[in-house]
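Please look through the sequence and the model before reading on.

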Amino acid sequence: MAATCFHCGDSCNRTAVRFDDKDFCCNGCKTVYEIFQVNGLESYYDLQAAAGATPKEVSNAYDFLDNQEVVEKLLDFNEEGIQVVEFHIPHMHCSSCIWVLENLGRLHASVKSSMVDFPKRRVRITFEKDNLKLKELAMLLARIGYEPSIALEDYSKAKKRVSRDLIYKLGVAGFSFGNVMLLSFPEYFEVQEFWLDQYKPFFRGLMFAFSLPVVFYAARDYFSAALKGLRSKILNIDVPIALGILTLFLRSAVDVLFDLGSGFFDSLTGLVFFLLVGRFFQQKTYAHLSFERDYKSYFPIGVTKIREDGVEENVEIHAIQQGDRLLVRNQEIIPVDSLLVQGRAHIDYSFVTGESESVPKTSGDKLFAGGKQLGSVLEVEALKSVSQSYLTQLWSNSAFSKNKASEFQSLTDAIGKRFTIAVLSIATMATSFWLWYDPSMALNVFTAVLIIACPCAIALAAPFTLGNLLRIFGRKGFYLRDANTIERLAKVDTLVFDKTGTLTSNAGNAIVYEGMELSNEEASLLKNTLRASNHPLSRELYGILDDYEIMTLDDFTENTGKGVQGTVGSCSMKVGSAHYLGQAISRQSETAVHIGTQEGYKGRFVFKSKYRDGLVRLFKKLRNDFNLVILSGDHDGEKNHLEKMFPFQFPMFFNQQPQDKLAFIKSAQQHSVVMMIGDGLNDAGALAQSDVGVAISEDVNVFSPACDAILDAKKFNLLDRFLHLSKQATIVIKWSFLLSLLYNITGLYFAVTGQLKPVIAAILMPLSSISIVVFTTLAMNMLSRKLKS
Amino acid sequence: MSVIYVLLSISVCVAIFFFVAFIFTVKSGQYDDSYTPSVRMLFEDELVKENTKNNNQNKSQTE
């Protein structure tokens, strides 16, 4: 059936439901449709077709919201029966979502108002607590497919205050610039008009007043950055800028005070304004993405603790102590290293190790934090507290506390040093010449050199090139933390890839059957036997087999960790490990489900990871410019396959623990610049340690570990273009440096010969800045035109 | 010609007024989310239309 779900747009497979003349892919979607229909929210589908998401089963997922302490932390406001809460809803993606979330009041009368902040993917809900508990609200949202993602770290910190400093400064500078421009206009024409002469002091006084907030407020950052640089003995680009601003201001103030001239207030305010515009442009942020997440975002907020008297209680994850008994349900993450007391465990460690298949555990076994339970409820005993667990200790590594951006010397700062030295020596030489030739002009020339050499255009080149590229990348699904990342990206020469989830897609395994063909009856029996089993491999296999009638098994036995057996009439079917079927294990490191009937062994289903499309082509292209490495936490079962896949050799390492990955990157950094591309928590250390850490994400709105960039998995095959473009961006920056140096030399001619008039400065400075901006924008847009997806 | 003092101070006052207004609007946070309001303003009609549509449906069902 080619029909797609009316609610979520997925194709309707075997489980399709037909309701109200519309196709739905599952009952969940149908239920949401019904809820919307009953409450008059059908225009949800008019705004955008198939906008919904299949609701997940959430019976216990929000139990921690029974805990009053947790609730208190989440609430923004809680007085007189009215509560306000802000939820992060990753699924929010279109105008339909905004509409339905802002009309929550129709689904539950206690919701007073709800307001969406779409760029942040957040909704702020005001509700009456008497009729609606926070937990019910969360479940209501989950039921209509908008599962709120609640991570305690979002709330535990004092609410981050949005910094609007730059906007204020930009406002001040722009305001003063505009006014000073108007006031200095008469001076440009040097008309000897009586009334203009009369009012000159008044005009100049006003200009002086307007320049004060610019110098002392808007330009403050440049002074402090220059001071900081000087203190640590670095001549960064802020030094000549600060020097320029200071000279401009002092010279102009003196000029006005002693009536020597009109001063350079127009250039001064314009300079600061343009510089701030550059900063503002570079500051492209993705409000809905987080580049800072650590393990806390993956872990649940609360867990169910069993008290000694047998009563279940919800406690915060940080309150877990050694010896506590905890309940871990299906799909829940084990929060601490613990001992399995009761229950059948199938732990999926793919978060932690990258291992693709789940591991069965029996009572008495040790479970590590970060594993996800698949199947029934477990009872475990905590061995440590959360922060002392094996996985979480990774975050105490120093790699997580260093600041990559501040350790990196940007192109602009690199040129800033040479530039400052050159300007100061030219100024000294010119001044000494004038001291000998005409001492009255010496001070004039000295200040003029410092003013005209103020590297406004140089300081603008990088922000505009990188800011522009940042936006281009963002449109193509490559989200960078900041502009500095692009410069580091351009220097990369070694690419390290994780395997599971990075080179392979998470969208399921490719399952291949090897063995004797199964008859119809046998296939039907197999399907029904699998139906009764809870093992994740069984579930996955069940999903891909054709549909057969559901029949009742006469007999069903399950041997934990081995396999299952189902019988109907005289036919029986055994499904399980090679050992269970009495077969010799052919290849240790292969994931396979073996089957056999009463007649004997039939064959096996082999689970193979599915590699991303275009992977080989991408690697072929990347190979020419970069060293490639694969660093996998998985076993080496895929090694042969990988080696056959690529027509060339490159190093591959398997069975790498998170700490091993971090150490590998560190040693590789001795002689190269490393970019790590990974996806899970197991790569978090490597991502933090590498020069550029890129997290691959199937759905960028959902979480990814702390990194410098997030790459949409669909755009994985564009990686070589992104890297290439970053390199070209640095070339564009260098060309604009050259261009702005030409302007500086022209200006210096006027300055050194003592002919610098305010009007020349007022023309040269904006002209150079604007032409640099135009040049970099055009160049980057032209270069990125090739970036077609 | 001393009217120029008056004119200039008026123009500066007007400029400062707008500047202060700008600072206040930034402070109130109305530029923080520049996307959602643009979508939200189109919604009111949907709801009304939906109501009437629903009523019609209900009517046709009862008839």
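In strand S21 of chain A, the bridge partner of A:Gln565 is A:Lys574. Helices and strands are here DSSP runs numbered from the N terminus, a helix being H or I with at least four residues and a strand E with at least two. This is a predicted model, in which local features need pLDDT of at least 70 and side-chain atom pairs count only at pLDDT 80 or more, while totals for chains, interfaces and linings use all residues. Residues are numbered from 1 along each chain as its sequence is written, and chains are lettered from A and ligands numbered from 1 in the order in which they are written.

**Paired strands in chain A**

Two strands are said to pair if DSSP finds at least two bridges between them. S20(A) and S21(A), the latter covering residues 571-576, are joined by six bridges and run antiparallel. These two strands, S20(A) and S21(A), form a hairpin with two residues between them. In the turn, A:Gly569 has a positive phi of about 60°. S20(A) also pairs with S19(A) in an antiparallel manner, through five bridges.

**Sheets in chain A**

Six strands of chain A form an open sheet with antiparallel pairing, in the order S8-S7-S9-S15-S10-S13.

Angles run from 0 to 180 degrees between N-to-C directions, and axes are lines fitted to C-alpha atoms, for helices over the stretch in contact. Within this sheet, A:Glu79 has A:Ile82 in S4(A) as its bridge partner.

**Helix packing in chain A**

How do the helices H7(A) and H11(A) pack, and at what angle? H7(A) (residues 165-189) and H11(A) (residues 265-282) pack at about 150°, with their axes 8 Å apart. H7(A) is therefore roughly antiparallel to H11(A), a description used for angles over 145 degrees. Their crossing is left-handed, which is the case if the near helix is turned anticlockwise from the far one by less than a right angle. The residues in this contact include A:Leu170 and A:Phe177 of H7(A) and A:Phe273 and A:Leu276 of H11(A). Residues are in contact if their C-beta atoms, placed from the backbone, lie within 7 Å. By class, the contact of H7(A) with H11(A) has 12 nonpolar, five polar and three charged residues. Nonpolar residues are Ala, Val, Leu, Ile, Met, Phe, Trp, Tyr, Cys and Pro, charged ones are Asp, Glu, Lys and Arg, and the others, Gly among them, are polar.

H8(A) (residues 194-218) and H10(A) (residues 238-257) pack at an angle of about 155°, with their axes 11 Å apart. These helices, H8(A) and H10(A), are therefore roughly antiparallel to each other, and H8(A) passes H10(A) in a left-handed crossing. A:Arg204, A:Phe208, A:Ser211 and A:Val215 in H8(A) meet A:Ile245, A:Phe249, A:Ala253 and A:Val256 in H10(A). This contact has six nonpolar, one polar and one charged residues.

**The contact between the chains**

Chain B gives 18 residues to the contact and chain A gives 20 residues. On the side of chain B that touches chain A, the elements with two or more residues are helices H1(B) (3-27), H2(B) (36-40) and H3(B) (43-62). H1(B) gives the most, with six residues. The residues on this side of chain B divide into 10 nonpolar, three polar and five charged.

**Confidence**

The model scores ipTM 0.75 and pTM 0.78. Chain B averages a pLDDT of 72, and 67% of its residues score at least 70; pLDDT is the predictor's confidence in each residue, from 0 to 100. Among the elements of chain B, H1(B) has the highest mean pLDDT (90) and H3(B) the lowest (46). Over residues 48-63 of chain B the pLDDT is below 50, and this stretch has five contacts in the model beyond near neighbours in sequence. Where pLDDT is low, the predicted coordinates should not be read in detail.

Conventions: Contact = placed C-beta atoms within 7 Å. Parallel < 35°, antiparallel > 145°, perpendicular 65-115°, else oblique.
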